[in-house]
Amino acid sequence: MAPSYNINWTLFVFSTFLLLIASSPTVTADGLCNQNVKRTVDLSTHLAKITVDILLSNRGGSAVQSFTWAVEPDLAPHLAYIGASVWGDAEEADATLGLAQTTIHGQRGQFYEVQLPFSMEAGAKLRVKVEMVFSHVLKPFPTHITQAERQLVVFQGNHYLYSPYPTLSQNTHVRLASKAVESYTKLGHPIKYNEAIQYGPFRDVAPFSEDAMEIHYENNTPFLAISSMTRTMEVSHWGNIAVEESIDLRHTGALLKGPFSRYEYQMQPDSGLSAVNSFKTILPASAQDVYYRDEIGNISTSRLRVLVDSVQMQVKPRFPLFGGWKTDYIIGYKLPSYEHLYTRRDQYALKMRLVDHVFVDQVIDSLTVKIILPEGARNIRVDTPYPIDRMPDQLHYTYLDTFGRPVLVATKTNMVEQHIQDVVVHYTFNKLWMLQEPLLLIGAFYILFIAVIIYRSVISKGMRVSIKVHQGHSVHCDISTSQHVPHCVMNACDKIPD
Amino acid sequence: MTQRKRDLGGGGGGGGGGLRGWGAPPSGWLSLLSFAILLLAWLVAFSSRLFAVIRFESIIHEFDPWFNYRATRYLTENGFYHFLNWFDERAWYPLGRIVGGTVFPGLMVTAGLIHHVLNALHVTVHIRDVCVFLAPVFSGLTSVATFLLTRELWNQSAGLLAACLIAIAPGYTQRSVAGSYDNEGVAIFALQLTYFLWVRSVKTGSVFWSVCCSLSYFYMVSAWGGYVFIVNLVPLHVLVLLLMGRHSGRLYVAYSVFYVVGLVLSLQVPFVGFQPVRSSEHMAAAGVFALLQAYAFVHYLRDRLGLTPREFLALFLLCVPLAAVAGTAALVLLTYGGYIAPWSGRFYSLWDTGYAAVHIPLIASVAEHQTPTWWPFFFNLHVLLCTFPAGLWFCLKDINDERVFVALYAVSAAYFAAVMSRLILTLTPVVCVLSAVAFSNVFERYLADENPRNGNNAAITENKDSKRSSGGGRSGKLRKQHVASSSEAGERPGRGPTEAQEKEEEEGGPGIHLRAAVCLTMLFLLALFAVHCTTVTSTAYSHPSVVLTTRGSRGDIDVIDDYREAYYWLRQNTAERARVMAWWDYGYQIAGMADRTTIVDNNTWNNSHIALVGKAMASNESAAYGIMRSLDVDYVLVIFGGVLGQGDDISKFLWMVRIAEGEHPGDVRERDYLNARGEYRVDAGGTRTMFDSLVYKMCYHRFGELQLSARQPAGFDRARGAVIGEKDISFKHLEEAFTSEHWLVRIYRVKKPDNREPLENRLRVHED
């Protein structure tokens with residue numbers, strides 16, 4: 001009882017505070033309210049995907065250009081992706097909205113200012129859809145399980161929509177991974193059917209309301225996470241782009257306790273349900289020369305299938321991954337550059353995926369992207385689809401390089417499938433540089449041959465002496481080995497007509 | 001006829017420059033041909049060793065190469081001086097291993113240097129690929145070195161044939177396929193090069209060639225323990241030449257320089273250290289050096305004092321035996337006093353084939369140290385085995401200093417190969433050299449054109465002129481001229497055809513049909529040899545042994561990758577400093593692939609440590625637990641082939657028992673593992689000690705429940721074709737940590753002791 005009272009009290013203080021600073025341009029809270037909220041919390045995988053469908057209404061006196069979106073303080077550090085779009089019958093339907101992170105004084109959590117595509121007049125209503133993906137929020141409980149046990153996880157969230165605006169009516173639909181639910185909070189008598197729980201409707205919820213929702217249920221879906229990944233794309237103007245991804249994989253589910261029995265894993269179908277045996281990676285359709293290896297060589301358990309619109313790789317790590325186990329591997333392939341490299345005179349634009357598919361519902365804790373441009377590329381400019389941390393550029397030396405290829409390095413943490421988007425790199429490159437490598441080779445061989453010719457003609461000639469043997473007869477002898485001279489002379493004597 | 005031969009001899013002799021003195025350059029195309037043949041031999045040597053890379057991948061094979069690879073990586077990552085000072089705390093736990101001082105660094109330094117140079121040129125090659133392809137590249141170099149050696153011994157055409165033979169001979173291929181990154185890969189090249197340079201220096205008596213020979217010897221010393229072969233064969237050659245009365249200034253210069261420079265250089269290799277002056281294996285070289293000095297001194301006295309032959313003989317008979325006796329006495333005294341190490345056990349096992357089996361089971365347990373039967377010889381040498389005595393005979397028939405050497409080389413290498421199967425490797429080069437001599441000799445005789453050729457160069461015309469002009473004394477003049485011209489072409493006297501051959505050639509030689517028949521037969525033999533080599537290389541020697549394959553039901557190849565599966569599991573999912581106990585065979589692989597600390601490995605320097613592990617493997621669980629606790633073991637690894645039908649730790653278990661028994665005769669007895677009839681059984685006929693042993697329990701844990709196919713009962717061991725005797729296996733101190741897909745590798749975790757000792761029995765409750 002007491003905590004909720006506290007929250008409401010702080011909310012009250014805050015809302016008055018909010019009214020006081022309403023003139024501030026960052027907060028456009030006045031007048032907006034969430035008229036109807038449909039929230040879907042998808043917990044069927046190892047990610048928590050929360051999709052919120054809001055009917056926003058402007059009850060204030062003036063038009064608004066943007067609204068503020070809030071994320072609960074407990075969940076905010078795990079937020080991997082957020083995206084907003086407008087639903088409506090206008091021609092701007094499904095338009096993606098621009099988001100900018102902002103702060104609200106005195107409130108915990110993470111806030112975004114969502115720009116609307118048009119100004120929202122007083123009294124107008126707008127349907128907005130916000131999609132959020134959280135990683136590592138499903139906590140295995142118990143934290144250690146044996147091979148035969150099933151994996152149970154706990155989700156801790158909010159019964160209400162965390163919003164700076166009052167909410168008139170809201171529903172929450174929770175999708176689970178299985179029917180087996182240990183416990184769930186029962187605020188407002190939720191309805192549980194099959195693999196779902198329906199909360200609500202809750203009416204007239206104050207801004208920034210929080211009420212702990214806790215669901216403890218069975219979830220044997222692969223709890224795979226890529227703890228770190230380095231993706232290198234090397235552009236060659238001779239026709240291909242080499243992509244190499246080095247991936248550290250970890251099973252983030254409940255840790256395996258006690259022995260791993262191969263017998264049980266092979267013979268009993270319900271043994272090791274939460275273990276990951278293999279997964280599918282979808283590579284671009286034009287990927288060629290695919291390799292899949294690790295520190296000690298090729299991983300022979302993988303299978304490659306070439307489909308019409310993609311190359312599908314059945315990635316099977318060397319051993320099944322149980323909770324807490326990890327492995328790493330390197331996958332690489334080549335792409336033809338005509339599909340990704342655009343050019344006009346000496347202007348080039350490389351359009352590649354910043355990060356590509358590894359497995360369904362992937363989560364990448366830390367990504368490093370390296371783009372290696374050809375030697376001689378300059379005026380480099382990068383357009384990224386979302387903010388990404390640029391590191392200082394590096395130089396890379398490989399075959400026949402003299403002054404190094406520029407390498408763009410960037411990092412980003414906590415990425416999910418929604419981040420599979422294109423990055424565009426613009427640069428200028430003088431086509432004459434293409435001749436550098438063949439010329440280098442030609443030059444090297446030229447020098448080699450010249451050296452041999454010089455050796456043959458100058459050095460071995462220098463070793464010869466002329467010895468006068470008889471009137472008018474002289475003989476050339478090689479003095480590089482002393483034994484030759486007497487024979488040489490003797491031989492010459494034989495030739496002299498008697 | 002003779003002219004043709006002379007051309008061949010002259011082609012590469014002076015780099016083609018020899019015959020040019022006469023004006024027209026007829027040797028150009030010959031040196032081009034020689035170059036092309038050598039290049040092709042190199043290419044063939046390289047590419048015929050790539051079966052494993054093409055079928056599997058670029059991977060390091062077997063056991064020892066994994067250590068070499070790991071050491072090379074350490075070298076490239078930390079630099080040469082760190083490598084020399086490397087103390088590997090991850091091997092031989094808790095003793096550790098001073099790697100820098102217990103390894104022949106030649107191989108690693110070679111690979112590291114190549115890697116360094118390539119990377120400095122921005123050729124970004126991974127060190128693994130350098131290591132994998134090092135041996136094939138060096139086989140090309142070996143065939144060039146063999147060419148040079150054979151050319152010194154016989155002539156250019158024999159040299160080219162020898163280069164081609166060694167390029168594909170299975171005896172050499174077995175140790176130098178791609179991925180077989182072992183010392184022998186570079187050492188055979190160093191061996192051949194040293195021998196070539198030795199022959200060269202004996203022939204020329206030049207200090208330059210002797211120093212080159214010493215440098216090459218230094219490389220050999222730094223690369224392989226087989227350098228002892230050189231350091232004994234060369235003095236033997238000198239000694240035999242002395243006994244044959246073939247002493248010369250050339251020999252004196254060659255050996256003195258070689259011995260002194262070679263000795264000083266060989267002392268620089270940390271692993272060899274002071275052995276060249278302090279071990280019995282090297283004393284023959286020192287003795288011969290002293291003898292040579294004494295011999296030369298006596299000769300010096302003769303010249304200086306102007307002794308008559310009778311006086312000289314007396315002096316000689318006085319001094320030389322005296323020197324020999326004094327040397328032997330000094331040797332015995334020094335050995336007795338402990339200044340010179342006595343012969344090692346491995347050395348004795350070379351003379352007495354039964355020695356190792358009795359005294360050093362560790363050496364005897366290795367298959368390649370066994371005495372070979374006839375088939376490895378045939379398998380590895382094929383037709384060359386039959387032709388090389390003929391080559392030897394040709395050499396002996398027309399003996400000179402360097403042919404004495406090759407004869408000694410052939411005889412000693414043949415002996416050692418007959419004692420230890422892995423030494424077929426050192427026999428192969430000399431077999432190729434002598435077979436090439438034999439083939440080349442036969443071809444020269446039978447392939448020659450019957451009609452004298454119409455000269456297309458000035459040399460022949462000129463020669464004919466001189467023949468005509470010489471008239472009656474034709475033969476003598478011709479001989480003289482031949483010597484002259486061939487010497488100018490870079491040959492030494494004695495290499496050219498002999499008087500007998502020449503006589504025969506002048507008489508016309510054998511008939512055309514005989515010639516055709518002989519040549520075709522020889523060609524057929526060579527063709528058979530080539531086919532045999534390819535087949536053997538492809539089927540027997542191109543297997544990484546880390547990866548297994550089976551044929552699937554549809555004829556497709558199934559890769560069984562259990563070793564790497566388990567090793568990689570260890571690498572990824574155990575603590576970084578975890579200690580893994582396994583039989584020593586797998587030590588290098590665990591260190592290389594799993595990157596974990598091992599208790600014993602293939603270095604086998606400490607017999608008692610291995611025996612302790614053997615004892616743990618052979619004891620029952622609680623006794624083994626005591627040993628494992630004392631060794632801080634976290635994981636135990638066994639190889640189990642019962643599912644696949646492979647050889648495994650059960651197959652080599654008796655060796656573990658024997659080695660353990662050698663050190664702990666009170667605790668482990670071989671007869672306890674054999675049943676009343678002396679049989680070694682895993683089925684119901686086995687003994688209790690066997691069933692209780694750690695290896696048995698770890699291999700067969702839960703195997704009793706596994707039914708592999710409908711026709712076989714549960715617990716049927718495919719490797720031994722029997723149902724196991726004890727199916728109910730449970731552990732108290734261990735737990736299964738990982739088992740690979742086909743059960744080939746099984747890893748057990750050693751549990752930490754409980755906080756409280758659990759009671760064996762229930763508490764006795766007083767019932768009042």
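The model is predicted, so local features need pLDDT of at least 70 and side-chain atom pairs count only at pLDDT 80 or more, while totals for chains, interfaces and linings use all residues. Residues are numbered from 1 along each chain as its sequence is written, chains are lettered from A and ligands numbered from 1 in the order in which they are written, and side-chain values use heavy atoms, leaving out hydrogens and water.

I begin with chain A. Its secondary structure comprises four helices and 35 strands, which are DSSP runs numbered from the N terminus (helices H or I, at least four residues; strands E, at least two). Of its 498 residues, 47% are buried, meaning under 20% relative accessible area with a 1.4 Å probe, protein chains only.

I turn now to chain B. The axes of helix 22 of chain B (residues 401-419) and helix 23 of chain B (residues 424-446) come within 8 Å and cross at roughly 145 degrees; axes are lines fitted to C-alpha atoms over the stretch in contact, with angles from 0 to 180 degrees between N-to-C directions. Residues in contact (heavy atoms within 4.5 Å) include B:Tyr409 of helix 22 of chain B and B:Pro429 of helix 23 of chain B.

Helix 20 of chain B (residues 374-381) also approaches helix 23 of chain B, with axes within 11 Å and a crossing of roughly 45 degrees.

Conventions
Buried means under 20% relative accessible area, exposed over 50%, partly exposed in between (1.4 Å probe, protein chains only).
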